[in-house]
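Okay, thanks everyone, I'll keep this short. Have a look at the chain on the screen, and then I'll walk you through charges, salt bridges and surface.

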Amino acid sequence: DERGSRDYNLALGQRRAESVQQAFTLLGVDPKKIEAVSFGEEKPTQPGQGEQIWALNRRVELVY
């Protein structure tokens with residue numbers, strides 16, 4: 001969400017993405033077929049502010 005600095009949010013999002021990537025790898029998915037990308041606050045799904053909005057924007061999107 002937008003409360004931290006741009007760099008902080010990108011790094012936090014990247015760690016989250018890599019956690020999901022690791023979970024899929026442990027389930028047997030070939031790691032060469034997974035890419036973890038953080039968009040930080042650059043691509044929110046919900047406009048606005050507030051804890052509910054921020055919670056909705058903390059997410060992982062899977063593209064197959």
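So, charges to begin with: in this predicted model, the protein chain carries 9 positive and 10 negative side chains. The centres of those two sets sit 4 Å apart.

How many salt bridges does a search of the whole structure find? The search comes back with four. As a reminder, side chains of opposite charge can pair when their charged atoms come close.

Let me take Arg 3 and Glu 51, whose side chains meet in a salt bridge at 3.4 Å, N to O. Arg 3 is in the segment before α1 while Glu 51 is in helix α2, so this pair ties together parts that are 48 residues apart in sequence.

Next up is Glu 42 with Arg 6, a salt bridge where the closest N and O atoms are 3.3 Å apart. Here again distant parts of the chain get linked: Glu 42 belongs to the loop between α1 and α2, Arg 6 belongs to helix α1, and the two are 36 residues apart. Glu 42 counts as partly exposed, with 45% relative accessibility.

Then there's Arg 59 and Glu 61, with the closest N and O atoms of that salt bridge 2.7 Å apart. Arg 59 is partly exposed, at 32% relative accessibility, whereas Glu 61 counts as exposed at 54%. Why does Glu 61 count as exposed? Because the cut-off for exposed is over 50% relative accessible area, and Glu 61 is at 54%.

One more thing on charges: salt bridges that share partners join Arg 3, Glu 51 and Arg 58 into one network.

The secondary structure comes to two helices and zero strands. Ser 5 is placed in the segment before α1, and that helix covers 6-26. Ser 5 is partly exposed, with a relative accessible area of 44%. If you go from the C-alpha of Ser 5 to the C-alpha of Gln 22, 17 residues along the chain, the separation is 26 Å. For the overall dimensions, the C-alpha atoms fill a box of roughly 40 × 20 × 15 Å along the principal axes.

What about contacts? Of those with a separation of 6 or more, 47% are between residues 24 or more positions apart. And for burial, the chain has 64 residues, with buried ones making up 17%.

Last bit, the surface. The accessible surface of the chain is about 5,200 Å², and 54% of that belongs to carbon and sulfur atoms. Which residues make the nonpolar surface patch of about 330 Å²? That would be Phe 24, Val 29, Val 60 and Leu 62. Looking at Leu 62 in particular, you'll find it in the segment after α2, the helix at 51-57. Leu 62 is exposed, with a relative accessible area of 62%.

That's what I wanted to show, so over to you for questions.

Technical notes. Residues numbered from 1 in each chain as written. Predicted model: local features only at pLDDT ≥ 70, side-chain atom pairs only at ≥ 80, totals over all residues. Heavy atoms only, no water. Helix = DSSP H or I, 4+ residues; strand = E, 2+ residues; numbered from the N terminus. Buried < 20%, exposed > 50% of the residue type's maximum accessible area, 1.4 Å probe, protein only. Contact = heavy atoms within 4.5 Å. Areas by Shrake-Rupley, 256 points an atom, 1.4 Å probe, with all protein chains shown as cover. Lys, Arg positive; Asp, Glu negative; His and termini not counted. Charge placed at Lys NZ, Arg CZ, Asp CG, Glu CD. Patch = residues over 30% accessible without salt bridge, like charges linked within 9 Å, V, L, I, M, F, W, Y side chains within 5 Å.
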